[in-house]
Amino acid sequence: MAWLDSHLLTATVFLPFVWSLAGLLIPSGTEGGKTSLKIWALLGSLLTLAISVLIYQRYIPAGPEFQLTETVAWLPVFGISYSLGMDGLSLWLIMLTTFLMPIAILGSFNAVEQRLKEYYFLLLSLETGMIGAFVATDLFLFYVFWEAMLIPMYFLIGIWGGKERIYATMKFFLYTMVGSLLMLVAIFYLAYQHKVQFGTYSMQVLDLYKLTLGGGTFSSPQSVMFLAFALAFSIKVPLFPLHTWLPDAHVQAPTAGSVILAAILLKMGGYGFMRFAFPLFPEGVAYYQLTFMVLGTIAIVYGAWVAMVQPDIKKLVAYSSVSHMGYVILGLFSLNAVAATGAYYQMLNHGISTGALFLLVGMIYERRHTREISHFGGISRVMPLFAVAFLIITLSSVALPGTNGFIGEFLILLGSWKANPVLTAIAALGVIFGAVYMLWMFQRVMFGPVTHKENEGLKDLSAREIAVLVPLIIAVFAMGIFPNFFFQKLEPSIERFLARSIPGGAAVTQVVDPVTSSVQLVMKGN
Amino acid sequence: MESLTTIRPELLTLSSEQFSALMPYFWVFGATVLAILAAVMRSLSPKWPVITVVLTGLVGAIVSVAGLLGKEPVALFNGMMVSDNYTHFFSLIFLISGVVTVFASIRYLDNEAMQHPEYYLLVLFSALGMMLMASSLNLIVIFIALELMSLAVYILVGYRRTDRRSNEAAVKYFVLGSGASAVLLYGAALLYGSTGSIGIRGILDFVRANPAALSPTFTLGAWLVIIGFLFKVAAVPFHMWMPDVYEGAPTPVTGFMATGLKAAAFAAFLRVFVSTGYGAGLTTAIQTHLHDILWMSAVLTMLFGNLVALTQTNLKRMLAYSSIAHTGYLLVGMIAGPHSEQGYAPLMTYLVAYAVMNLGAFVVLSILATRDDGGLNLHDFSGLSRRHPWLAFAMAVFLFSLAGIPPTAGFAAKYILFYSAVQANEILLVVISVLCSAISVYYYLRVLVYMYMRDPVGTQTRSPVSVWSAIAVAAMVAATLQIGVMPARVVYAAKKAITSI
Amino acid sequence: MELSPVFFYVFGALAIACALMVVLAKSPVTSAFSLILVFFAFAAIYAMLGAHLIAALQIIVYAGAIMVLFVFVIMLLDVTRDTGEAGKPHPILMALSVLAAMSLLAVFVWAFKNTGTPAILGPFTTEAITAAGGNTQVVSELMFSEYILPFELTSVLLLGAIIGTVAIAKRQMSAARKGGGK
Amino acid sequence: MNQVEPWVVLSFSSIIFMIGFTGILIRKNILVILMCIELMLNAVNLTFVTYSTLLQDMAGQMSVFFIITVAAAESAVGLALVIAMFRTLRSVSTEEIQLLRE
Amino acid sequence: MLALIALLPLIGFAINGLWYVAVQAPPGGKKAGATVSGVIATTAIGGSFVLSLLVFLRLKGMPAEARVIEQVVFDWMTIGDFNLEMVFRADPLSSIFTLFITGVATLIHLYSIGYMGHDATPGKFFAYLNLFSFSMLMLVLGGSLPILFLGWEGVGLCSYLLIGYWYADMDKASAGKKAFIVNRIGDFGFLLGMFMIYDKFGTLDLLALRDTVLQSSSAGLLLAADLTAITTICILLFVGCMGKSAQIPLYVWLPDAMAGPTPVSALIHAATMVTSGIYLVARLNFMYSLSPTALTVVAVVGVVTAFFAATIALVQRDIKKVLAYSTVSQLGYMFLGCGVGAYSAGVSHVITHAFFKALLFLGAGSVIHGMHEEQDIMKMGGLKSKMKWTYLTFAAGWLAIAGIPPFSGFFSKDEILWRSFSAEHGSFLFWLLGAVTAVMTAFYMTRLFSLTFLGSPRFKEQGEHHGHSTHPDGHHEHGHGGAVHESPMTMVFPLQVLAVLSVIGGFMAIPHMSWLDHWLEPVIPVDHGVAAGVAPAMEWVLMALSVAGAAAGIFFAFKLYADLAKVEKLKQRWAGVHKLLENKWYVDELYEALFVRPIYTLSVALWKGFDTAVIDRVVLGFGRVSEWSGQTVRVVQTGSIHLYAFVLLIGIIATAGYLLYGLA
């Protein structure tokens, strides 16, 4: 068991890749070959899911910070090592990845008919990259996974994408790449600082947490490096005004690509903030707190507004991602437990809901080969089951209480109010506009008479599609009703995150202003 | 007055260590001689015997170099030459790139109807020249070795004799290269004049002994020598010849130049650089100024190479500009070397990675080149992944590596290089470098776009892939990935090599 | 330096004048002959500097072999009358070139002027050389002992150059060889 | 003063060197350019010899010996290339070799 | 048990929903089963009613001060100090709400069995109804604000779904969306209020909050800043109420909401959901009472809404629209009551209003059903004879809303009017506006009643009764089909029950001996304080005045609408005013112009003008600048060997010069 524990993460990370390598051997010429290729890929992702459940089970929140660790020297002279480990922050994102992967694969059974072998190979390699990034505790290793992830995505969009796929995929790749390069420089600088301060090079995140770096001014190391990290992560999130790659990438990507992109790749940004940018540069965070909160708020409202007027469903969902991820930023920069938990939860929610939305859009795209909202109307009558599923996911997206979306947004706003009521009030406008664009889109697609003849004969969901959607719908409600199930394994990690991210460290408990403290004293006296 | 002892018979004998240290050179030169014999024997059809001999020579040299690895340095010929790990490290690069070039050339020459034994001989000559450049400790020997290498390469560049572009490239290269050699030589003369020694060790001793006595001529001489090397590696502003020459040369030769020649120039450059005491005894003013110059040159090189590569549509020319850009990265390593913990090891690692990926890319280009080096425009690559899935995959690996994206050699090496530059506190330079390499991503990926994301244009036939090329490509892919995943061994080897100077 | 100023300046002036002729002459043949004169002038200066063997080699190799080759090629290609010279470069370009060369020259001259005579002197004084059998003897002895490596390398280089020259300048590859060794 | 100062000799050789370099810049006939390269090498040789005498050291002269040989080989190769070029282009002008650009 | 009250409808929802999804929705699925669905749903909510009754009785059996039953189902969210339990709590206020909600809802479910008998997807309809009941019960039983909010949004959702139930009609779908969005605007305020409460008081649990506020206020710990905060909180929460309870300026969705099936209008948009705003204010009375400003805001908004909506109701022709505006108006009353501190008066009006308004709506539904989807009262008339039960029960509702003693409406409305005048925060203006509204109420209800049931028929009856189409869209398509007929028993029975309740409901809150006040006392402190200078006798005077006003309104309406030609003439004379009222003061158009259009335009501008034109251009600009510089620089590579050598020379000069400069 001990052996298993110390290699569990490696196994999870590389299983999909190795599995997909083996899949390359399957002859894909015939129909039967194609089918077996699909099944093979699905099995691989399911197996990974199974292993990740083991991770869930092994992780003890009360235990040490990183668990299931594994460290192998990689480039010792530079302090670079292959070291994996996971905590609560990693756990749920890993689970999200492994949970969504089979769904994405199953969802693309009909969508992709060309170059199947490459397709599933890339999808599964992508999974390796993503899980790897979530469990890397060495900054360099993290960066390796972070960048390596781009390759499969680049091809997925570029080969199986829509008309403008090349523009989109180049934009996606370059945006992300450019953003992350400066982070790499900062990583190097950190390792160098570790040498200066402790005598050895190290890229271990736990070692780097211990660095003391100057902060507080624009040009102080913390501020500068925080900005370098934040640039990389903000692009990935994506934070206004660095979001313009997202609509293009989303619209052009094949369904599974959009799902993974929205559901997991964007989370890399948030995860990066939580794991690296914040704890490493608390004073940088403090210095830029307001800036980023403002940007997050703008993203919320801006994303919602722009989403509202999109003629293309996928683009609308893409902009809604901007809006939703704006909440994450707002929550993280509020620097308190409630908001941070909410932000993390919002990432999971967004993964589920937006992933599901893209799947749904993909399903209708397969039938109609269009995503223009104006080409639909009255679909609800033709495809009632589809309508039900779409409705549930829409509601999750507008954060209706009882669904997962609510928990995230509620906690974020509740927490951010403490940090900045004015911005919170503006951000809460997103609650209104979120409903506006989602429901308006829903109405135009689903309601009214069937205005296009082509839509008359659309088939309702098939059994496979139902199988794709049901887990997501269950997740929507499960997460909305039993968030504590998730919080339990998350709490210590969030606390540690905050303890490191607030300058001065210990001030994790909420700051209470003097006026209300007396009131609260009375309350506690009861 | 003491009498002069000019006759020293002991210099003409070789100890067994010295002999075995010279084995690689014997292998190569022996192969040359044998190949000449094989070529002139009319009864033999010249292709395979010559190739066999040439490959045997190269492989034999590789084997004997491998046998020498890790041994104590052996001084040869009155200290004019040394066989140390540094030599071996670079020899391996040259020899492997020689082998790969030969592999890539076989089918290529058939295609171009110029399957002559001379071609392989010239490859051997230039490989020999490269090896000597890395091992010599005397400026004159370096010069001769440089000329040996260059003369062979001049001919190789112009080898497609009936092709205008090839001719043009050869003449350009010759004129400018000779001019640069003259400059280098002038520098050697000045160094000699100001230190009284033409040997690198002698110069170093002089610098160490009289740090204050460094004269303008010394500085000027050292710099002119360095310019000679900067010309060969094509650092801005000494780069002008490179794109034209790369484009005009036969594709395998371009690959050979981009890797072997560049590595050789860096090998000698580094030796002289270290020897003339950058960081070892020059006055601070000179050091600062030298640093500034290299810094500017590195920045300009990266910018120029990458920006112009952006606008290229011919792959060969694009890779030429990208080669300039890579020189820029290497110069970053040059600048960082004296001040970072790993010294020049990252630079050498990068050279290895660069050699591997670039060779691979050029082998692929050699395979795809149609007659007269046509068919290397971007649109010729449309839909390559349909015609040649494996070739396209290999090319993708090389391009990702050139762009510095994990998990490839280019990534590992490039960022180790930048890492050490950060250690040397060259933050601004590193920032510029990474931004430049971001630019480079665009044009590398554009090739991928054509290969994978566009449909084939017109009727393009599958180019036949020879077994040899296939082996070469596969080996380079494997090496690219291997170094990308496990760079440590190369770094250690480089470290060992550089410390043996 | 035991260099007689008068001779030096005479030969120096001759060399410079002829060098300018090389560059400025309209006909390549004129250039070639001017170059030969430069070589002779150099040979004289070498001799005055005590490098007798070099002086001899200068005449034999340069003036004798290399220049003959040049003239031969000029004749072979029949470019005696300005065939390739399709016009002078733009005057401004020329001026710029000259200016650049002059500036670099200035840098050099500045460097030479500001460098003192080296403190370390070798053992090869004129007297020692004479004692050891003269310049030629010393050079030869050194050539085959201390400088055996460059010497041998030069031979390799020459071999390479021969092969290369043959490869590139052969009029036609024989048709029989075209197919290589199938 | 019946001796020439070393710097004068050195400057003299660098004048020749610069003349050679200028030749490369302004002459369009490649044969002449090759001659200019020879000029430059000669200038270097003179520098070597001058230093050799100055330093009372033979290394300079030895170098010149090798340089002369290399220069010969170089000229041979250069001329061969010019011949090859002339065969395809029927010209030895540098204006004809601007096909490869940008 | 508490949880079960809410859960029963949820179970009903699950069963019906699954049935819909599994059986009715799939292509070629069965399109029937209204009765089965209806019975399941009705049983579920009926069960809730019984349970509510039990809870009520149990509470009654407890000592007044201890009347709280609490049930923690599970921990909802726990993050450090922040702990939110899924807690249900029944106290007198919520139990009374639970009781009337489940009661009325049961009746309406029952009614729907008949009303929706021919619907294509009854499973869906009843699932929604049950889901609504569940949410509503969550709202009133929730022990903390977020749970209340869960119900709050849940009812909004169901309202959205049910208004847009006939989604094939785009207008109806739009109406649903409008309802949801306007409600969201309110929820925005609610959310902010909640955040502020948590920030100030560190808890969101209603009981803990009440204790904290009351104790700190009695201990004098609340400073001026805290009071300001409380005012802000109250106003923010009231924004939520404006949305949910359709007060100015967020009332606009309610009239449109009449697009939904009539039982829905009765249940959601009259009896229950729209009163949740009053519930919230009453629930948080301890906070509102601390803030006179907030109370004034509530009262002013309430009374203005009451008046304003009544003016619109005067001229509407759609039977449901009239009732809708009347609902808005009555809700205004309730807020007026709350706003002057008479929370229990507000609550009592909530209950009586639930009875009579549900009755009126169901009656209207019955009329519509009988008239085959005709909703224009100008095309009705003389239904008295054709629909006897509907007529009789409707009359009871009419009198109740008009405030004729001893019908239920009289007591609750009169109490509000009196308190609006006499209470500490009251004023004469409040009373005056309220009284005028009462007169108008009497007038337009009489108009409605008269035009619908009295006089002679203004419609053509055609031949035989046509069957309802089973086409899903068909519900409104078949127009005036067969003969006008009385509704089936399942529909009439609820009418009868509600009619009885409308008649006698008021007795639970007779002024000065109100059972309700007493019952609510643990939650809402009884305050019969009369402002200085108000004579107790005024109560009688004012009561008489308002009754007289109502009677006058009724009389005048009867008189006027006996002769429609006269009405026409009147319309001509007051054309401008009429048009203004008929178009609802152009408020929708105003909002469109003020908010919808500008935001839409702005969004398009941001998208095209900023996203694409600025950000993308900057981003692509980097690429373009690179490309451009590449193109510019590459020109250097002219291919001229001379230039190349020249650059080499320049390079040497520059570098060597700089290097030697270091020596000089």
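The following legends describe close-up views of a predicted model. Residues are numbered from 1 along each chain as its sequence is written, with chains lettered from A and ligands numbered from 1 in the order in which they are written. Because the model is predicted, local features need pLDDT of at least 70 and side-chain atom pairs count only at pLDDT 80 or more, whereas totals for chains, interfaces and linings use all residues.

**View 1. The contact between chains C and D.** Among the eight pairs of chains in contact, chains C and D share the most contacts; two residues are in contact if their C-beta atoms, placed from the backbone, lie within 7 Å. Chain C contributes 71 residues and chain D contributes 64 residues. On the side of chain C that touches chain D, at least two residues each come from helices H1 (5–24), H2 (28–48), H3 (52–77), H4, H6 and H7 of chain C. Helices (H or I, at least four residues) and strands (E, at least two) are DSSP runs, numbered from the N terminus. H3(C) gives the largest share of this side, 11 residues. By class, this side has 57 nonpolar, 12 polar and two charged residues. Ala, Val, Leu, Ile, Met, Phe, Trp, Tyr, Cys and Pro count as nonpolar, Asp, Glu, Lys and Arg as charged, and the others, Gly among them, as polar.

**View 2. The contact between chains C and B.** Here 39 residues of chain C meet 46 residues of chain B. The elements of chain C that give two or more residues to this side are helices H4 (91–113), H5 (126–131), H6 (134–143), H7 (148–169) and H8 (175–178). The largest share, 14 residues, belongs to H7(C). The side of chain C that touches chain B has 24 nonpolar, 10 polar and five charged residues.

View 3. Strand S1 (residues 67–75) and strand S2 of chain A run antiparallel and are joined by six bridges; strands pair if DSSP finds at least two bridges between them. Gln67(A) has Met86(A) in S2(A) as its bridge partner. Four residues lie between the strands of this hairpin, and Gly79(A) in the turn has a positive phi of about 70 degrees. In S2(A) (residues 80–86), six of the seven residues are buried, that is, 20 or more other C-beta atoms lie within 10 Å of their own, with C-beta atoms placed from the backbone.

**View 4. The surroundings of Ala358(E).** Not counting residues up to four places away in sequence, Ala358(E) touches Val104(E), Ile108(E), Ala266(E), Ala270(E), Ala271(E) and Leu498(E).

Conventions: Buried ≥ 20, exposed ≤ 12 C-beta atoms within 10 Å, placed from the backbone.
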